[in-house]
Amino acid sequence: MPRADKIISRLDKMLEDAINGSFIETDYDETELSRFESKFRQYIIINEVQKEKIQAERETIKSLVTDISHQTKTPIANIGLYTQLLEEICTQEMQPYVQQILIHTRKLEFLIKALSKISRLENDMIKLKPEIAPVSKLINDSARYAKGMADIKHITINIIYKGNGYALYDTRWTYEALGNLLDNAVKYSPDGSTVTISVREQEMFTCIMVEDEGPGIPEEERAQVFKRFYRGTNAINEEGNGVGLYLARIILQKERGYIKASSGKNGGSCFSMYLPKQK
């Protein structure tokens with residue numbers, strides 16, 4: 001075998017052993033290939049140490065997230081309870097202040113729950129279990145969830161879908177992702193407007209689109225809105241914490257799907273969820 005072929009064969013064997021976790025450095029000599037093999041072994045050792053460090057940090061994060069979620073649950077619930085009791089006995093002048101305590105307590109509770117979900121998903125503490133299920137049920141259930149808030153603003157939720165298509169998704173978590181999109185659509189839409197849910201069937205994906213008639217998202221910000229805590233320039237004056245879209249993106253990624261933002265037909269925003277059709 002020519003020298004070049006021997007070198008390629010040895011390199012191929014080294015890489016294969018490294019992939020399988022069975023790499024062993026051969027007897028060292030002064031050849032360039034042997035020096036490369038020695039450095040390659042050092043690289044593998046450093047990489048293994050880094051993996052162990054990352055795993056240890058991940059376990060620390062898991063423990064921290066669990067502790068925070070557990071330790072804050074009761075105090076926040078108690079603050080809400082005592083604030084409600086205080087609301088019943090306080091004077092008329094004190095009512096606005098008590099209301100503010102209650103509002104911010106609920107915001108804090110929502111934020112801690114959302115961050116806990118994000119951390120658990122990011123650190124694989126939660127395993128999604130996608131199954132083939134009808135798209136219509138996901139849409140209708142999510143629309144019913146959003147109807148209460150929509151009714152307050154006299155917003156119509158219009159579902160344009162008569163099909164019987166299926167997609168691969170985890171019912172609980174995809175319901176939450178779509179619910180976040182509908183929450184945003186209702187929140188940023190003007191009173192008396194319409195939020196439209198439609199479906200587009202593709203070869204590999206089923207696309208669920210949520211379109212509103214709100215202020216829209218500037219094109220240069222559309223890639224940013226899915227980042228954690230990001231608030232768009234058109235959303236500054238609205239209540240929010242910038243985690244809903246980020247959580248939706250994480251959920252879709254865990255299901256081998258994706259999400260994107262675009263302009264709506266009536267000047268608002270359109271968020272498109274792409275769910276895979278098969279495993």
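**A sheet and the helices packed on it**

Helices (H or I, at least four residues) and strands (E, at least two) are DSSP runs, numbered from the N terminus. The model is a predicted one, where local features need pLDDT of at least 70 and side-chain atom pairs count only at pLDDT 80 or more, though totals for chains, interfaces and linings use all residues. Residues are numbered from 1 along each chain as its sequence is written, and side-chain values use heavy atoms, leaving out hydrogens and water.

Now for the sheet itself. It is open, has 5 strands in the order β2-β4-β5-β7-β6, and its pairing is mixed; two strands pair if DSSP finds at least two bridges between them. At the edges sit β2 (156-160) and β6 (258-263), each pairing on one side only. From one strand to the next, the twist averages 20 degrees. β2 pairs with β4 (residues 194-201) in the parallel sense, over 5 bridges, and Asn-158 stands opposite Thr-196 in β4.

Another helix, α6 (residues 244-254), lies across β6 and β7, at about 20 degrees to β7.

Back to α4 (residues 135-152): its axis and that of α5 (residues 171-188) come within 9 Å and cross at roughly 35 degrees.

Note on methods: Axes are lines fitted to C-alpha atoms, for helices over the stretch in contact, and angles run from 0 to 180 degrees between N-to-C directions. Contact means heavy atoms within 4.5 Å.
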